[in-house]
Amino acid sequence: MAPKDVLTSIVLEYYKRANLELPEDMYLREFALQPMHSSSYVRHLAFRSASELRNYILSNVPRHLYFSSARYRDPSCSDMQAKGWLGSDLVFDIDADHLQACMDKAVELKFCASCGELLNENDKKCPRCGSSNVVELDYVPKECIYAARDEMMKLVEAVEQELGYTTYTIAFSGNRGFHLRIQLDGADALMSGEMRREIVSYLKLEGIDPTQFMIVEKRRRGKRILTLPPRTKDPGVKGRIARSLLRMVASDELACKVIRGETADYRALARVANSVNAVLMDAIREAAIVVDEKVTMDISRLVRIPGSINGKSGWLCRCVSVNKLQQFEVAEDVVSPIPGAVVEVRLLVSLPRIRIIDEEVGGKRGDKLRLTSLAALFLAFKGVARIVAIRR
Ligand SMILES: [Zn+2]
């Protein structure tokens, strides 16, 4: 087999036995894919069963595979009007590179596609060979992925306690983010994009006035009183801010008691007022949940299918159960389509030493490296290495 087809054959072999997590009403969903060697998408596909879908993808090997968050009367119809929209799930996307904790950590390297030279950010042409063909390698350290996981923990808590939804699917995207999909029925499913945007705005705590949560002195019926800070037993946003506050004042026993609502005594409030007020802005910032507004607003959004390969990384998009989310890690046995394989790759670029999850990789163009499948697939799907041998 020609080396350029190694990736296609890995993907094909994987889909022969892949366990794709599909919604029960899959026959009402539009499916879409990007084929392995194409830059355009094939949309408006419809399948009645998982085996029908499998047969299709075995002859049209996908780099990316999606179903719609929407249900349609006629999902294969290409005219969005005539498709007959029946409602959409509520979808959230948390991407590591939108998070404050990850802002300066995302890395983008540019290489010359012809000679493999590492380029500077602003190079339009390769200084070595003059070519203007570029290969890009973007990645984030694992801490960023785990920051996105922690953000998802916050989202799950808000979805359950504030929005009142208890049935949902969480998935690792296979690259650097997490998805949450709430299957909606009835009137909820018919929410407009604008209504969904308001949910995002609520989760992000947009336009919130921090002063309303401060402990301040007021006079009520001639008596001096102190207003209460957010407390964990408060519903909605106040409860969420209180949970953040609690983490920030953890070492202050009295402040914890106040925020847990165990005391509302004037003297206790007076003693903790300054320290609670001082961390309030930080608590609000931490309580805001950074979800991608565009994704949630879009009622005809395509959702990456859990169990499918993410063509940006070669890793699997995987469902994560809520009680395992906190412990989730990007590990070979969880996200590799060929777990346990030792993979030999040849570098197509001169790669500075970088760390892919826990593995240091790097070398000159033409160097052969023996890597775990996790690192090898990542480099190969990014186009900076070619797989030459797989030992299982
Ligand atoms: Zn060059």
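Reader: Let me start with a turn: how many residues lie between strand 7 and strand 8 in their hairpin, and which residue in the turn has a positive phi?
Author: Bearing in mind that this is a predicted model, the hairpin of strand 7 and strand 8 has five residues between the two strands, and the turn residue with a positive phi is G116, at about 85°.

Reader: And how many bridges join strand 7 to strand 8?
Author: Two bridges join them, and the two strands run antiparallel. Within that pairing, F111 is set opposite L118 of strand 8.

Reader: OK, which sheet do they belong to, and what's the strand order?
Author: They are part of an open sheet of three strands, paired in the antiparallel sense and ordered 8-7-9. Strand 8 (118-119) and strand 9 (134-139) are the edge strands, each of them pairing on one side only.

Reader: What does the pairing of strand 7 with strand 9 look like, in bridges and direction?
Author: Strand 7, which covers residues 107-112, is joined to strand 9 by six bridges, and the two run antiparallel. Along this pairing C112 faces V134, while F111 faces V135 in strand 9.

Reader: How many bridges hold strand 17 to strand 10?
Author: Two bridges join strand 17 to strand 10, residues 169-172, and these strands are antiparallel as well. The residue opposite R318 of strand 17 is F172.

Reader: Now the domains. Where are their bounds?
Author: The chain is divided into domain 1, made up of 3-105 + 140-201 + 292-337, and domain 2, which is 210-287. Five residues from domain 1 and six residues from domain 2 take part in the contact.

Reader: How far apart are the C-alpha centres, and how much area gets buried?
Author: The C-alpha centres of the two domains are 39 Å apart. Between them the domains bury about 460 Å², of which 33% is on carbon and sulfur atoms. On the domain 1 side, K154, E157 and E162 supply 83% of the area buried against domain 2, which is more than any other three residues.

Reader: How many salt bridges and polar contacts are counted between domain 1 and domain 2?
Author: There are three salt bridges between domain 1 and domain 2, along with four residue pairs in polar contact.

Reader: Which residue does E162 meet in a salt bridge?
Author: The side chain of E162 meets that of R240, at 2.9 Å from N to O. A further salt bridge is formed by the side chains of E157 and R243, at 3.1 Å, N to O. Since E157 lies in helix 3 (residues 142-161) and R243 in helix 6 (residues 236-248), this pair ties together parts that are 86 residues apart in sequence.

Reader: How many salt bridges turn up in the whole structure?
Author: A search of the whole structure finds 31 salt bridges.

Reader: Last one: how many residues separate strand 19 and strand 20 in their hairpin?
Author: Two residues lie between strand 19 and strand 20, and I357 in that turn has a positive phi of about 55°. Strand 19 (residues 351-356) and strand 20 (residues 359-363) pair in the antiparallel sense over four bridges, with I354 opposite V361.

How values were computed
Residues numbered from 1 in each chain as written. Predicted model: local features only at pLDDT ≥ 70, side-chain atom pairs only at ≥ 80, totals over all residues. Heavy atoms only, no water. Pairing = 2+ DSSP bridges. Domains from an automatic or database assignment. Contact = heavy atoms within 4.5 Å. Buried area = accessible area lost by both parts, 1.4 Å probe. Salt bridge = Lys/Arg side-chain N within 4 Å of Asp/Glu carboxyl O. Polar contact = N/O pair within 3.5 Å; in protein donor to acceptor, adjacent residues only side chain to side chain.
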